[in-house]
Amino acid sequence: MSRPEDTLSADVHYNDSEARKYTTSSRIQNIQASMTHRALELLDLSSPSFILDIGCGSGLSGEILSSIPPDEGGPHLWVGMDVSASMLDIALQRDVEGDLLLADIGQGVPFRAGTFDAAISISAIQWLCNAESSDVSPTGRLSRFFNGLYASLKRGGRAVCQFYPKNDEQKKMITTAAVKAGFGAGLLEDDPETKNVKVYLVLTVGGGNIDGSGGDITGVIKGMEDVDVLDARRNNRSGKGDIKKGSKAWIIKKKEQMERKGKVVKATSKYTGRKRRVAF
């Protein structure tokens, strides 16, 4: 069975008909509610917070954020962003309490630095892994999203993104982009090795100790079963100037920077960085 993100962009797929069908399905409502509560559990928020709902759709997750009782740390204020005008139109009709923004997360997260305490995303970020044209790379879209998300969160802020990876390569692509943006990252799988598996990318912006204390989300998920923690802050401690300009490593680093900006670059080969023989 083909996946909708393989054939159409999200704003085209979720037209008026699909958006209404998605919102009125009791099965989808139950699944969405379950995953939102799981995301909140992983966020571990102890007090009312300002949350960004990424790919908010018609506001199913946002309604839960608004309804969390005080004894569970709520209710939360939230802003939702989505690329589908039809989905947001239904959210307005349903009179959700959050503010709504029509925007493509593949072009970044357009908020001031340090705006949000936390962020959630339910079944959205896998759409970034498909390029809509040869001029736009999935790597660039993922990079713009995670760099923007990192900036929009407060120091010590947390984010949980539930997504459905097509394969292990896509899972690695998404996680690598998050780590490159500066996040501490953990992957958690619910119901692993089943057709109902749900993958959660748990992210933190610095602000605590790297060993997992001081509010770091990697400390929250550490020790859980089926969790793999990836934290770029434990690595890459070398200072500037270690890579010689013009070397193969320098060229590869520049290519990665261009890819993060969404540019299409030539593939690296054994000839990359090789000095040419002087011609007379």
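This is a predicted model: local features need pLDDT of at least 70, side-chain atom pairs count only at pLDDT 80 or more; totals for chains, interfaces and linings use all residues.

**Helix H2**
- Helix H2 spans residues 16-24, and within it Ala19, Tyr22 and Thr23 are buried.
- These residues lie on the same side of H2, because they cover an arc of only 95° around the helix axis.
- An α-helix has 3.6 residues a turn, so residues three or four places apart point the same way.
- The N-terminal end of H2 is capped by Asn15, a side-chain oxygen of which lies 3.2 Å from the backbone nitrogen of Ser17.

**Nonpolar cores**
- The largest nonpolar core comprises 32 residues, and those with the most contacts inside it are Phe146, Leu149, Leu201 and Leu203.
- At least two residues of this core are supplied by each of several elements, including strand S1 (50-54), strand S4 (116-122), helix H6 (138-152), helix H7 (168-180) and strand S7 (198-204).
- Leaving aside residues up to four places away in sequence, Phe146 touches Ile125, Ile174, Ala177, Ala178, Ala181, Phe183, Leu201 and Leu203.
- Another core, of 20 residues, lies apart from the largest one and has Leu43, Leu45, Ile68 and Trp78 among its members.

**Leu43**
- Leu43 is found in helix H3, and its relative accessible area is 0%, which means that Leu43 is buried.
- Although Leu43 and Arg158 are 115 residues apart along the chain, their C-alpha atoms are separated by 6.3 Å.

Technical notes
Residues are numbered from 1 along each chain as its sequence is written. Side-chain values use heavy atoms; hydrogens and water are left out. A nonpolar core is a set of buried Ala, Val, Leu, Ile, Met, Phe, Trp, Tyr and Cys residues joined through side-chain atoms within 4.5 Å. Buried means under 20% relative accessible area, exposed over 50%, partly exposed in between (1.4 Å probe, protein chains only). Helices (H or I, at least four residues) and strands (E, at least two) are DSSP runs, numbered from the N terminus. Contact means heavy atoms within 4.5 Å. The arc is that of the directions from the helix axis to the C-beta atoms. A polar contact is a pair of N or O atoms within 3.5 Å; within protein, one must be able to donate a hydrogen and the other to accept it, and residues adjacent in sequence count only if both atoms are side-chain atoms.
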